[in-house]
Amino acid sequence: MDNLNLDETIALLQELIRNKCVNPPGNEMVNIKSIEEFLNKKGISCKVFQSAKNRGNLIARIKGSENSPSMMFGPSHVDVVPIEKPNEWHVPPFSGEIKDGKVWGRGAFDMLFLVAAQCQAFAMLHSEKFKPKGDLILAIVADEEAGGTFGCKWMIDNHPAEMKVSYAVSEFGGFEISKNKLIIPYGEKGGIGLRLTFRGESGHASIPFGKDNPIEKVSEAVIRINKYKMPYTTKYIKPLVENSGANFIQRTLITSKLFLSLILKILCKNSKTEAALLHSLSRTTFATTIIRGGQKINVLPGTSSIDIDCRLLPEQDYNYAIKHIKKALGKKLAEEVEITIIEDSLENRGSESPLDNDFVEAMKHTFHKLVPNSTIVPLIAFGATDLRFIRRNGGNGYGFSLIDPKTPNSEITEMIHNKNERVSIKTIELTTRAMYELAKEFLG
Ligand SMILES: [Zn+2]
């Protein structure tokens, strides 16, 4: 494949950054138009679906010749998150400037480089008259950063046939967990917000004796929830550990339900980050993040409440979370508590795709071609992506790109939704090649 025009791919990325599709309000139509123009110039026709004023989504398709499984580049989003402190950036955040071999700007990494790479790979396949077995679809969407209401979710609700696909690839995969071990996200945890309210007896704080103070109940609830032993599973740890190069003893210990608690205790002393990762991968988690109660120092409050950020494993729903919150509270508090769901929808359920299919094999082969001796390490992600909608629509979805191994993972985690977002030109090149090769491998 040497018809890769890297300069053109970079120019497209710069244009997408400069178009400044900050969500809210999004205004993604500007980026959609840029992509439409890019594709049209190459003789590719596409469909644009307007979902709201100045907002829209784009689909291009190379029809498959047989009734074979289809593949999607995307759903890939062209909106970006706002800038908090522009003066902390080394370059103006919407400049798309090139500095130190990297393209800088809001959205460079999340996820405009992947959009540019997918558009370019799609155009290359089109120009060489690639005849895929199943359809190859390019799906560019709006509004991922605010929940997908006008983007992927809107497309699936309004144009489900356009979004019907067997396998989709989107943000983010292909970064090293250790030498030549490339992460592939194959699912994601879900999330709900719960509010626990306790009532008591209000009154003057100068005569507190015998008064039923809800702040005391909330305090006890926080401690009980924090200490609660949530049931756990090693199902989502297994694919990670088995492919990450751990030795036999480590593998056996970490993936055994019997030893996991002990391993976490030991890890917690010298490797807190890894312990926290394994902990979150093995169970639904509760984190108390907001506490309320009382307005005035001399008044006993009548109510007090806490908000709990709850992250669910793929097969669990809010009933599961509430059942365990009540167990954690114990009989007395459980009888008194009022639980309200403050954030929940079908869309933030967890989801996962299988790992034993031809598509996963094709991803392995593709990485192998570009990174000799590489293996993939499947991982459940903790945050939500548009792939959850694809899974709900009956498809499978994976995070797939190929990150320049010279980019430290710490650089990536620090800059996502933060200052000085940037992507190396090598990453743009590798990802474009990976997309192209993957389509050939799976649909060729
Ligand atoms: Zn993103």
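**Exercise 1. The zinc site**

State whether D110 is buried or exposed, and describe the zinc ion's donors and their arrangement.

*Solution.* 
Step 1. D110 has a relative accessible area of 5% and is therefore buried (buried means under 20%, exposed over 50% and partly exposed in between, with a 1.4 Å probe and protein chains only). The model is predicted: local features need pLDDT of at least 70 and side-chain atom pairs pLDDT 80 or more, while totals for chains, interfaces and linings use all residues. Residues are numbered from 1 along each chain as its sequence is written, and side-chain values use heavy atoms, without hydrogens and water.

Step 2. Along the sequence, the donor residues follow the spacing H-x32-D-x60-E. H77 belongs to strand 3 (residues 71–77) and D110 to helix 3, so this pair ties together parts that are 33 residues apart in sequence (helices, H or I of at least four residues, and strands, E of at least two, are DSSP runs numbered from the N terminus). H77 counts as buried because its relative accessibility is 1%.

Step 3. The four donor atoms subtend angles of 50 to 145 degrees, so the arrangement is irregular (tetrahedral needs all angles between 85 and 135 degrees; square planar for four and octahedral for six need opposite donors over 155 degrees apart and all others between 65 and 115; anything else is irregular).

**Exercise 2. Aromatic pairs**

Count the aromatic pairs, then classify F109 with F113 and F367 with F400.

*Solution.* 
Step 1. The count is seven aromatic pairs (Phe, Tyr and six-membered Trp rings with centres within 6.5 Å; planes under 30 degrees apart are stacked, over 60 edge-to-face and the rest tilted). F109 and F113 form a tilted pair, 5.2 Å centre to centre with 40 degrees between the planes.

Step 2. Both F109 and F113 sit in helix 3 (residues 108–127), four residues apart, about one turn of the helix. F109 is buried at 3% relative accessibility, and F113 is buried at 0%.

Step 3. F367 and F400 are stacked, with centres 5.0 Å apart and 20 degrees between the planes. Since F367 lies in helix 12 (residues 358–370) and F400 in the loop between strand 18 (396–399) and helix 14 (409–415), the pair ties together parts 33 residues apart in sequence.

Step 4. F367 is buried, with a relative accessible area of 1%; F400 is buried as well, at 0%. Ring pairs also link Y167, F359, Y398 and F442 into a cluster.

**Exercise 3. The surroundings of T9**

Locate T9 and identify its polar partner and its contacts.

*Solution.* 
Step 1. T9 is placed in helix 1 (residues 6–18), and its relative accessibility of 0% makes T9 buried.

Step 2. Leaving aside neighbours within four places in sequence, T9 is in contact with L4, A116, A117, Q120, I428 and T432 (contact means heavy atoms within 4.5 Å).

Step 3. The side chains of T9 and Q120 make a polar contact at 3.0 Å (a pair of N or O atoms within 3.5 Å; within protein, one must be able to donate a hydrogen and the other to accept it, and residues adjacent in sequence count only if both atoms are side-chain atoms).

Notes. Donors are N, O and S atoms within 2.8 Å of the metal (3.2 Å for Na, K and Ca); water is not among the atoms, so sites may look incomplete.
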